[in-house]
Amino acid sequence: MKATGVVRRIDDLGRIVIPKEIRKVLRIKEGDPLEIFTDKEGEVILKKYSPIGELSEFASSYAETLSKTTGHIACITDKDTVIAVSGGPKKEFLEQDLSKELEQLMDDKEVYLSKDNNEVSIPVIKNDNRERKFNSQVVYPIISQGDVVGSVILLSKDARTKMGETEQKIAQSAAGFLGNQMDL
């Protein structure tokens, strides 16, 4: 574990303030849920909670089905990372931080569809070097109880592929289904 040198006191209600610098590095925003763990040495560990991460095994199976059905790369994300990939390079995507552009798309609850090959694709992961890798894509937010908890993404490297209403409807169905699973 990495020491930060920051010391905070617990107030009379049992609260502690996580310093702004640490929240920024860990991408923790106001209202984000945190899981609390303890270990044998008595240490308290806070971890950013991902509700859709609870479904990661299920999401992997769903991504595989999406990829086989559409012939495209399928990614499923939570709000911070890619949690499932099928039909494409897992090392490139899996457990990678999401790009600011994708996070903003989700925050705005927007659907993105690049119909033509001349449109710019949204970078999926944070360390994307901005070169255009995908000729077309669909991004659909996963919404549970009114909040965005992730996204379903379909990608194609084939220059002849144009995503359309069919791919958008497939992504919408997947996002709706995953969102409903969160509500159960």
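This is a predicted model: local features need pLDDT of at least 70, side-chain atom pairs count only at pLDDT 80 or more; totals for chains, interfaces and linings use all residues.

Two packed helices are described by the angle between their axes and the distance between the axes. Here, take helix α2, residues 56–70, and helix α5, residues 165–183: their axes come within 12 Å and cross at roughly 165°. That is why α2 and α5 are roughly antiparallel to each other. The crossing in which α2 passes α5 is right-handed. On the α2 side, the contact is made by F58, Y62, L66 and T70, while α5 contributes I170, S173, A174, F177, L178 and Q181. Sorted by class, the contact of α2 with α5 has seven nonpolar and three polar residues, and no charged ones.

Now for the loop. D78 sits between β3 (73–77) and β4 (82–86). With a cut-off of under 20% relative accessible area for buried, D78 counts as buried because its relative accessibility is 7%. The side chain of D78 has a polar atom 2.8 Å from the backbone nitrogen of D80, and a polar atom of that side chain also lies 2.7 Å from the backbone nitrogen of T81. Setting aside neighbours within four places in sequence, D78 is in contact with S50, I52, I83, L98, M106, V149 and G150.

Methods
Residues are numbered from 1 along each chain as its sequence is written. Side-chain values use heavy atoms; hydrogens and water are left out. Axes are lines fitted to C-alpha atoms, for helices over the stretch in contact, and angles run from 0 to 180 degrees between N-to-C directions. Helices (H or I, at least four residues) and strands (E, at least two) are DSSP runs, numbered from the N terminus. Angles under 35 degrees count as roughly parallel, over 145 as roughly antiparallel, 65 to 115 as roughly perpendicular and the rest as oblique. A crossing is left-handed if the near helix is turned anticlockwise from the far one by less than a right angle, and right-handed if clockwise. Contact means heavy atoms within 4.5 Å. Ala, Val, Leu, Ile, Met, Phe, Trp, Tyr, Cys and Pro count as nonpolar, Asp, Glu, Lys and Arg as charged, and the others, Gly among them, as polar. Buried means under 20% relative accessible area, exposed over 50%, partly exposed in between (1.4 Å probe, protein chains only). A polar contact is a pair of N or O atoms within 3.5 Å; within protein, one must be able to donate a hydrogen and the other to accept it, and residues adjacent in sequence count only if both atoms are side-chain atoms.
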